[in-house]
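This report describes a single protein chain. Please consult the sequence and the structure shown here.

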Amino acid sequence: MIDLYHSDEVGFAMTLPVCYSWTLQGIRLYIPYEAPQGRRVNGIGAYCTHGVEAGRFVHELCASLPKSTAKQPRKSPEEQAAKHDLRVEQVGTIDSERFVRFVWKVAGRPAIYPEGWRRERPLVLVVDNYSVHTGARVKAEMAAFEAAGITLFFLPSYSPELSEIEPIWQDVKHHELTKRSYEILGGLFRAVDAGLTRKANKLLAACSKTTIPFRAAA
């Protein structure tokens, strides 16, 4: 048996797309628009659709800050993060290095692991052909992935409908985040993290309810 995961990246703007809502008759609902100005919350996630870990959803977030035009930074990274109500470790980008670390996290490799560590069951991670997934850093890690029982399965180009994590991003963006506009990047970061955590709990609960034991045929 294998653990089959679907993985992808996602982004959240300061003002999210407006879908639908309710308001009193005769009163127009007003959603303020907050210009991004280089501010964004990016995430990476993995959802297990088949296997012992079916229903498990794992995610990580990082925030991108406006780029400084000054030749010499006037504030430290900690000060820049604090300005947006963030901790310095919450600031970053989704690059190949972060993706590699995330793959090991999904695989369950501990921080301190023995030489030759290998998963109890093979892990297949379905990803698209985004450059983050195909870069030199990932290629350099392929041998280690294989030795640990991890396989990256690449989808055909331009086929997001084949990734089963896409509906999760859609649902979180339109249903888990009731507030649609944020003035502070830290507020958006915490809202997205809470929304993804709620969704993860719902996915796991739904999977446990729909697991039906089958009896061997006569």
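## Basis of the model

The model is predicted; local features need pLDDT of at least 70, side-chain atom pairs count only at pLDDT 80 or more, and totals for chains, interfaces and linings use all residues. Residues are numbered from 1 along each chain as its sequence is written, and side-chain values use heavy atoms, with hydrogens and water left out.

## Overall chain

The chain contains six helices and five strands (DSSP runs of H or I, at least four residues, and of E, at least two, numbered from the N terminus). From the N terminus, their order is β-β-β-α-α-β-α-α-β-α-α. The C-alpha trace spans about 65 × 55 × 35 Å along its principal axes.

Of the 218 residues, 41% count as buried (under 20% relative accessible area, 1.4 Å probe, protein chains only). Among contacts (heavy atoms within 4.5 Å) between residues at least 6 apart in sequence, 76% join residues at least 24 apart.

## Helices α2 and α4

Helix α2 (residues 96–107) packs against helix α4 (residues 136–147) at an angle of about 20°, with the axes 9 Å apart. The two helices are therefore roughly parallel to each other (an angle under 35 degrees, taken between N-to-C directions on a scale from 0 to 180 degrees).

On the α2 side, Ser96, Glu97, Phe99, Val100, Val103 and Trp104 meet Arg137, Val138, Glu141, Ala144 and Phe145 of α4.

## Arginine 119

Arginine 119 lies in the loop between α2 and β4 (123–127). Its relative accessibility is 9%, so arginine 119 counts as buried. Leaving aside neighbours within four places in sequence, arginine 119 is in contact with Asp3, Glu53, Val106, Ala107, Ala148 and Ile150.

Technical notes: Angles under 35 degrees count as roughly parallel, over 145 as roughly antiparallel, 65 to 115 as roughly perpendicular and the rest as oblique. Buried means under 20% relative accessible area, exposed over 50%, partly exposed in between (1.4 Å probe, protein chains only).
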